Amino acid sequence: MAAVLLDGQRLRRTLDEAASQVVHDEGYEERTVFGNLKIVFGLGAIGCAAYAHFLAGDFPASWWIIFACVTAYAACQVALTYVVTRLEKGAILCTKKPTHIALTSGISLSSFRRNYSDEYMLRIESMNGKDGCKPASFKRKINRWFYEDGELAEDKFKGEVRELLKEYEKKNTSPKKTK
């Protein structure tokens with residue numbers, strides 16, 4: 001996949017997609033509950049706004065209905081913000097608890113890149129921040145993964161992400177209990 005080297009957001013999105021693919025390839029199943037919640041709250045907010053605009057009737061007589069729609073819209077937006085900031089925590093990928101390895105919870109894959117910076121940070125941490133798992137991360141210059149024509153050196157980048165994932169698993173694997 002070619003990226004425009006001057007478009008920082010496209011570079012980050014390209015790296016994020018490749019990192020997510022590595023996690024999927026390693027047997028982690030995506031946790032879709034956060035995405036589903038965002039869809040439900042978004043559709044609820046849209047429904048409230050559409051009802052208040054088109055179906056509520058004339059304003060003076062229906063101000064309670066409009067007030068209820070505006071309140072419901074605000075509640076949906078607050079719930080949506082809560083899901084994004086507190087539950088999802090800006091992650092690009094959240095996974096379920098893996099079955100192929102003895103981790104205590106799923107993982108959260110997140111990335112960070114400042115505007116006009118050539119450094120990219122990738123972090124893997126536990127979905128449950130209270131289980132004592134140690135995060136694993138790396139921070140590297142982007143130019144090591146892109147050719148001059150904008151193509152991603154996928155093997156090189158995916159290899160580094162795979163190593164980071166193995167490092168996280170090694171730090172946080174608990175021995176399986178046998179009965």
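This is a guided tour of one predicted chain, stop by stop.

**Before you start**

The model is predicted: local features need pLDDT of at least 70, side-chain atom pairs count only at pLDDT 80 or more, and totals for chains, interfaces and linings use all residues. Residues are numbered from 1 along each chain as its sequence is written, and side-chain values use heavy atoms, with hydrogens and water left out.

**Stop 1: the whole chain**

Show the chain as a cartoon. It has 4 helices and 4 strands. Helices (H or I, at least four residues) and strands (E, at least two) are DSSP runs, numbered from the N terminus. Trace the elements from the N terminus: α-α-α-β-β-β-β-α. The radius of gyration is 21 Å, well over the 16 Å that the globule rule gives for 179 residues, so the chain is more spread out than a compact globule. That radius is taken over C-alpha atoms, and the globule rule is 2.2 Å times the number of residues to the power 0.38. The C-alpha atoms then fill a box of roughly 65 × 55 × 20 Å.

Now switch to a surface. The chain exposes about 11300 Å², and carbon and sulfur atoms supply 57% of it. Accessible areas come from the Shrake-Rupley method with a 1.4 Å probe; for residues, only the protein chains shown count as cover. Of the 179 residues, 36% count as buried. Buried means under 20% relative accessible area, exposed over 50%, and partly exposed in between (1.4 Å probe, protein chains only).

Colour by charge. There are 27 positive and 22 negative side chains, and the centres of the two sets lie 9 Å apart. Lys and Arg count as positive and Asp and Glu as negative; His and the chain ends are not counted. The place of a charge is NZ of Lys, CZ of Arg, CG of Asp or CD of Glu.

Contacts come next. A contact means heavy atoms within 4.5 Å. Among contacts with a separation of 6 or more, residues 24 or more positions apart account for 58%.

**Stop 2**

Two strands pair if DSSP finds at least two bridges between them.

Begin at strand 1, residues 93-94. Strand 1 pairs with strand 2 in the antiparallel sense over 2 bridges. Show L93: it stands opposite L109 in strand 2.

Move to strand 2, residues 107-112. Here 5 of the 6 residues are buried, so strand 2 is largely enclosed by the rest of the structure. On to strand 3, residues 119-126. Strand 2 and strand 3 run antiparallel, joined by 6 bridges. Pick two of the partner pairs. I107 has S126 in strand 3 as its bridge partner, and S108 stands opposite E125.

**Stop 2: two loops with positive phi**

Strand 2 and strand 3 form a hairpin with 6 residues between them. Zoom in on Y116, in the loop between the two strands. Y116 has a positive phi of about 60 degrees, although it is not a glycine. At 83% relative accessibility, Y116 counts as exposed.

Jump to K89, in the loop between helix 3 and strand 1. Phi of K89 is also positive, near 55 degrees, in a residue other than glycine.

**Stop 4**

Select S20 in helix 1, residues 8-25. S20 counts as buried, at 13% relative accessibility. Leave aside its neighbours within four places in sequence, and S20 is in contact with I92, L93 and L109.

Next, Y73 in helix 3, residues 63-87. Y73 is partly exposed, with a relative accessible area of 36%. Y73 touches A45, C48 and A49, not counting residues up to four places away in sequence. Now draw a distance from Y73 to N172. The two are 99 residues apart along the chain, and their C-alpha atoms are separated by 41 Å.

Finish at E169 in helix 4, residues 154-172. E169 is buried, with a relative accessible area of 6%. Show its contacts: E169 touches Y28, H100, I101 and L103, not counting residues up to four places away in sequence.
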